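Subject: Structure handover

Hello,

Here is the structure I promised to pass on. Please look it over first; my notes on what was found follow below.

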Amino acid sequence: MLKAKITTVGNSTGITLPKEVLGKLKVHKGDFVYLIETSHGFEIVSYDKKFVQQMKLAQKIMHEDRNVLKALAECNIEKHEISIK
């Protein structure tokens, strides 16, 4: 397990990442990373144009079809038959 320090950067707060993490993420000073919320906390990923496009599409679908997704989330598949028309 690696440790990252939370520090003050001007009037903001930043995180100092160890060199090993920067190397594995293939990022350098000034690059952007993304924080993805998971069931275990947050995951840091490096910028990936394809990933960003996929997330924008996922957000659009989740917004447009939120009622369908909510119904699916509430559905207990073991107790209900689901038919697609």
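Start with the largest pocket: 16 residues line it, and Ile15, Leu17, Leu22, Asp31 and Val33 lie nearest its centre. On a 1 Å grid over the protein atoms alone, a pocket is an open set of points where a 1.4 Å probe fits, with protein on both sides within 12 Å along at least five of seven lines; lining residues have an atom within 4 Å of a point.

This is a predicted model: local features need pLDDT of at least 70, side-chain atom pairs count only at pLDDT 80 or more, and totals for chains, interfaces and linings use all residues. Residues are numbered from 1 along each chain as its sequence is written, and side-chain values use heavy atoms, with hydrogens and water left out.

**The pocket**
The largest pocket holds about 410 Å³ of space. That volume is the space filled by probe spheres set on the points, which are joined across faces, edges and corners. Its lining has 9 nonpolar, 5 polar and 2 charged residues. Here Ala, Val, Leu, Ile, Met, Phe, Trp, Tyr, Cys and Pro count as nonpolar, Asp, Glu, Lys and Arg as charged, and the others, Gly among them, as polar. Strands E1 (5-9), E2 (12-16) and E3 (33-38) each supply at least two lining residues. E2 gives the largest share, 3 residues.

**The fold**
The protein has 3 helices and 4 strands. Along the sequence the pattern is β-β-α-β-β-α-α. Helices (H or I, at least four residues) and strands (E, at least two) are DSSP runs, numbered from the N terminus. Of the 85 residues, 8% count as buried. Buried means under 20% relative accessible area, exposed over 50%, and partly exposed in between (1.4 Å probe, protein chains only).

Thr16 sits in strand E2. Thr16 counts as partly exposed because its relative accessibility is 45%. Its C-alpha atom is 5.6 Å from that of Ala4, 12 residues away along the chain.

Lys26 is in the loop between helix H1 (19-25) and E3. Lys26 has a positive phi of about 60°, although it is not a glycine. Most residues other than glycine have a negative phi. With a relative accessible area of 72%, Lys26 is exposed.

Met62 lies in helix H2. At 47% relative accessibility, Met62 is partly exposed.

Best wishes
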